[in-house]
Amino acid sequence: MKGHVYYSSADAERNRGFIDDLMLQASRMEISLTLLLDEDEPDDEVDFILFRTRNPMLAERWESAGFRVINRSEVNRIANDKLNTFELATLLGVSVIPTTKARSILDLPPLPIVLKTTDGHGGDEVFLCQTKDEAEEVFSKFAGRRLIAQPYIESNSTDIRVFMLGDEVLGAVKRIGSNSFKSNYTLGGTVEKYMLSEWQESEARKIAKALKSDYIGIDFLLLPNGDWLLNEIEDPVGARSLYVTHDFSVAEKLLEYVKKKLEDF
């Protein structure tokens, strides 16, 4: 079995540890796995491409050429558009942070609010605005970009990231922010293993099934009363917090899943 793992050069540098583990696990499974970067094109003979960047148009082009792309382009498109994510969750009846398009100060709900670009990731381009002046500054900085507005919801800077492999839970972590309302582990927060309740697992599986995704992360704000609200879907999702809190190789689990999926196809 032959495959590629595709990254941009910048993302590959940040994810070198995961790439190395993918290569190690692939060799143990007798999978020939090679790294593609930037403008590289896939080999016609490969059985799959692990698509580890945010570029649904490229994923769709490779799908149209007959390649098996993991995740498929539609997952990449929805996950990397926060408005599309909100619309999907609403259709599924999943608890979600109320979200509105924000074209100007006139579109905003009562302050304080959180303004986000629809295609930002990793906690970047997310702003808590306490005043109209702060909101105007965000609109000015991202003129020409699509923005969404959400009410500020107190979560003690805590969220749950659920890692899904197909429609099964691979693992979950609780992330707690440090000196910020953002909980992202890569921004300096803390992380610990988290055990989902039955209803939480059901909501996460509902999203993965609807997307027909292969490997994604789903982020929920954890509220003080124990409820949660869908915040974002991550594709590609980083695995650092899962390696820190769990005692298995994420790369091994992912490649086992891919191998079985292709053999059953």
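Is lysine 212 buried or exposed? Lysine 212 turns out to be exposed, with a relative accessible area of 61%, and since the cut-off for exposed is over 50%, that puts this residue in the exposed class. Keep in mind as you look around that this is a predicted model.

**View 1. A sheet built from five strands.** Here's an open sheet of 5 strands, and reading across it you meet them in the order β11-β10-β9-β12-β13, with antiparallel pairing. At the edges sit β11 (190-193) and β13 (228-234), each of which pairs on one side only. Going from one strand to the next, the twist averages 25°. Zoom in on β9 (residues 158-165) and β10 (residues 168-176): these two strands pair in the antiparallel sense over 8 bridges.

**View 2. Where helix α2 meets helix α9.** On the α2 side, look for Phe18, Asp21, Leu22, Gln25 and Ala26; they meet Val250, Ala251, Glu252, Leu254 and Leu255 in α9. Sort the residues of this contact by type and you get 7 nonpolar, 1 polar and 2 charged.

**View 3. Two cis peptide bonds.** Most residues other than glycine have a negative phi, and most peptide bonds are trans, so exceptions deserve a look. You'll find asparagine 71 in the loop between β4 (69-70) and α4 (73-79). Another cis bond goes from leucine 111 to proline 112, again with omega near 0°. Proline 112 belongs to the loop between β5 (100-101) and β6 (113-117).

**View 4. Positive phi in two loops.** Asparagine 156 has phi near 55°, a positive value in a residue other than glycine. This asparagine is in the loop between β8 (147-151) and β9. Lysine 212, the residue we started with, also has a positive phi, near 55°. Its spot is the loop between α7 and β12.

View 5. Is valine 94 buried or exposed? At 5% relative accessibility, valine 94 counts as buried, because buried means under 20%. This valine sits in the loop between α5 (82-92) and β5. Leaving out residues up to four places away in sequence, valine 94 touches Ala89, Glu203, Lys206, Ile207, Phe220 and Leu230. Take glutamate 203 from that list: it is 109 residues from valine 94 along the chain, yet their C-alpha atoms are separated by 6.5 Å.

Terms used
Residues numbered from 1 in each chain as written. Predicted model: local features only at pLDDT ≥ 70, side-chain atom pairs only at ≥ 80, totals over all residues. Heavy atoms only, no water. Pairing = 2+ DSSP bridges. Helix = DSSP H or I, 4+ residues; strand = E, 2+ residues; numbered from the N terminus. Axes fitted to C-alpha atoms, helices over the stretch in contact; angles between N-to-C directions. Contact = heavy atoms within 4.5 Å. Nonpolar A, V, L, I, M, F, W, Y, C, P; charged D, E, K, R; others polar. Buried < 20%, exposed > 50% of the residue type's maximum accessible area, 1.4 Å probe, protein only.
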